[in-house]
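Please read this briefing with the sequence and the model side by side.

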Amino acid sequence: MSSGPPHDLTVIVLAAGGGTRMRSKTMKVLHPICGRSMIGHVLNAVRAMEPQRVVAVVGNQREQVAPHILELAPEVALAVQETQSGTGHAVRVAMETVGSITGTVVVAYGDTPLLRGESLRAFAAEHEAAQRAVSILSGVVDEPFGYGRVVRNDEGDVEAIVEEKDASDDQRTIREINSGILAFDAAFLIEALPRLSNDNANGEYYLTDTVQLARDAGLTVGAFAIDDVVQTEGVNDRVQLAALGRELNARIVTGWMRSGITVMDPATTWIDADVVLAQDVTILPGTQLLGATVVGEDAVIGPDSTLKDCEVGAGARVVRTHAELAVIGDEANVGPFSYLRPGTKLGRGGKIGGFVETKNAVIGEGAKVPHLSYVGDAEIGEGANIGAGTIFANYDGVAKHRTTIGRHARTASNNTFVAPVEIGDGAATGAGTVVRRDVPAGALAVSSGPQRNLEGWAESKRAGTAQAQAAAAARAGATSAESHASQDDDPEVGPSGSGGTES
Ligand code: UD1
Ligand code: MG
């Protein structure tokens with residue numbers, strides 16, 4: 001347990017390294033895990049320590065990293081390390097940026113996305129309570145290869161950190177490693193940094209050599225082993241990026257289940273760090289809840305759905321849907337196979353059904369777009385019903401225009417609304433209508449002419465085909481039947497009646 005934030009604390013975050021093993025145009029610490037950049041996770045953990053100042057050391061690709069850091073945490077001071085001459089050099093550059101300071105200095109890396117604020121707080125508190133010159137956040141691992149090893153004497157006191165390349169065969173068997181996170185007494189650090197040498201296998205100024213310097217000066221050093229070593233693991237390549245991403249996701253999903261969310265298949269459920277879920281939400285397999293998505297009580301999401309930066313209301317049902325920057329009202333129904341693009345706002349109890357794409361569309365309370373439609377730049381009033389296969393033709397080749405559909409309007413199947421156009425409250429349309437002019441409230445709009453049947457067309461124009469044969473056979477049968485029963489000769493001319501669809 002931490003004893004509250006330390007009084008005088010400076011945190012230095014190192015992020016100047018090249019990250020070449022990522023083989024990426026994007027700087028390593030900017031790669032996202034669970035919806036946040038790696039350095040974003042670290043800055044979050046650092047913020048939880050309530051430090052007096054934070055310094056980030058940038059170097060490689062700093063034109064990408066610096067603006068990103070300042071966007072997330074404008075309070076951070078940036079220090080530029082022109083050439084990456086080692087962690088000791090990087091911290092020296094940071095200390096030169098802040099000038100003379102006292103208290104505690106904690107050094108962390110920008111590429112450890114699972115690091116938690118409470119771990120950092122506990123570490124700093126322990127360091128201060130023990131009044132050490134240097135404290136190491138260490139961990140015991142099965143495969144220590146590549147890490148600096150924590151070398152202890154026969155009494156168990158920490159003597160030094162020895163880097164992999166500089167270690168003896170005996171030292172390489174040590175499984176207690178330096179996580180990289182160190183805490184210093186500021187006065188000691190200021191005095192020790194200029195005394196580091198680069199006389200080692202890497203030709204770098206190692207920050208870890210401060211341990212030996214403190215020991216030689218008779219100062220206290222110590223290591224604080226973290227049980228949950230994964231928190232200090234860094235990402236070097238994309239294999240580790242995926243592994244730590246999976247681990248962080250598993251932790252997030254487990255956390256939500258413990259707080260009252262049903263997750264049917266944690267292995268195929270992805271929840272970003274900033275997502276917020278209300279009690280009794282159910283998440284079905286193959287679902288990704290991304291960005292700043294918020295889901296209300298009792299909503300059921302999935303299977304196979306991706307929601308990014310969406311707001312889903314209480315009791316809503318979202319099935320096999322891809323949605324971004326959309327708002328889905330309480331008790332609303334979406335899917336299956338729906339595509340909600342930015343600016344979609346579905347009202348309470350409304351419906352966006354199968355194979356419907358929406359964009360910049362405000363669909364009122366209880367309004368329905370149940371089947372096979374494109375709804376772009378539209379406003380649909382409450383209780384309205386849009387027929388199957390309707391296209392909101394929002395683009396005239398130059399500019400986008402809006403369509404407005406009134407409250408409780410009933411539009412029939414296979415309509416095209418040529419925007420800008422307005423359909424009044426309680427108005428209706430016939431099947432196949434192309435609406436180019438406004439429809440007054442309560443009116444029925446019809447644009448297709450009366451149906452004409454050209455008798456015998458198939459036999460005369462498609463003679464010799466299977467189509468013509470089928471037609472001939474049917475007509476022969478009909479003729480013989482005609483002598484038994486009289487024909488109902490009242491073709492429906494009106495476009496209304498069964499022209500619409502509703503689910
Ligand atoms: C470092 C530690 C090692 C520890 C390991 C944990 C040293 C000498 N070694 O080794 O004991 O077990 O981390 O992962 O400290 N950086 C800069 N500028 C530089 C060099 C590095 O900003 O000039 C940054 C890197 O971007 C990275 C961090 O410091 O975030 C660590 O550097 P890296 O080269 O990965 O050190 P390791 O050899 O892994
Ligand atoms: Mg490293």
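By class, how many residues in the shell around ligand 1 are nonpolar, polar and charged? The shell has seven nonpolar, ten polar and one charged residues; here Ala, Val, Leu, Ile, Met, Phe, Trp, Tyr, Cys and Pro count as nonpolar, Asp, Glu, Lys and Arg as charged, and the others, Gly among them, as polar.

This is a predicted model, in which local features need pLDDT of at least 70 and side-chain atom pairs count only at pLDDT 80 or more, while totals for chains, interfaces and linings use all residues. Residues are numbered from 1 along each chain as its sequence is written, chains are lettered from A and ligands numbered from 1 in the order in which they are written, and side-chain values use heavy atoms, with hydrogens and water left out.

**Ligand site**

- Around ligand 1 there are 18 residues, and Gln81, Gly86, Thr87, Glu163 and Asn178 come nearest (a residue is near if one of its heavy atoms lies within 4 Å of the molecule).
- Oxygen atoms of ligand 1 take part in polar contacts, which are pairs of N or O atoms within 3.5 Å.
- A polar backbone atom of glycine 17 is 2.8 Å from a ligand oxygen.
- For threonine 87, an N or O atom of the side chain is 2.7 Å from an oxygen of ligand 1.
- A polar side-chain atom of glutamate 163 also lies 2.7 Å from an oxygen atom of ligand 1.
- Taken alone, ligand 1 exposes 760 Å², and the protein buries 81% of that (Shrake-Rupley method with a 1.4 Å probe).
- Two or more residues of the shell come from each of β1 (9–15), α3 (87–98) and β10 (176–185).

**Overall form**

- The chain has ten helices and 37 strands (DSSP runs: H or I of at least four residues for helices, E of at least two for strands).
- The radius of gyration, taken over C-alpha atoms, is 34 Å, well over the 23 Å that the globule rule gives for 503 residues, so the chain is more spread out than a compact globule. The globule rule is 2.2 Å times the number of residues to the power 0.38.
- Along the principal axes, the C-alpha atoms fill a box of roughly 120 × 50 × 45 Å.

**Backbone details**

- The peptide bond from glycine 302 to proline 303 is cis, with omega near 5 degrees, and proline 303 lies in the loop between β18 (300–301) and β19 (306–308).
- From alanine 419 to proline 420 the peptide bond is cis, with omega near 5 degrees; proline 420 is in the loop between β33 (416–418) and β34 (421–423).

Note on methods: A polar contact is a pair of N or O atoms within 3.5 Å; within protein, one must be able to donate a hydrogen and the other to accept it, and residues adjacent in sequence count only if both atoms are side-chain atoms.
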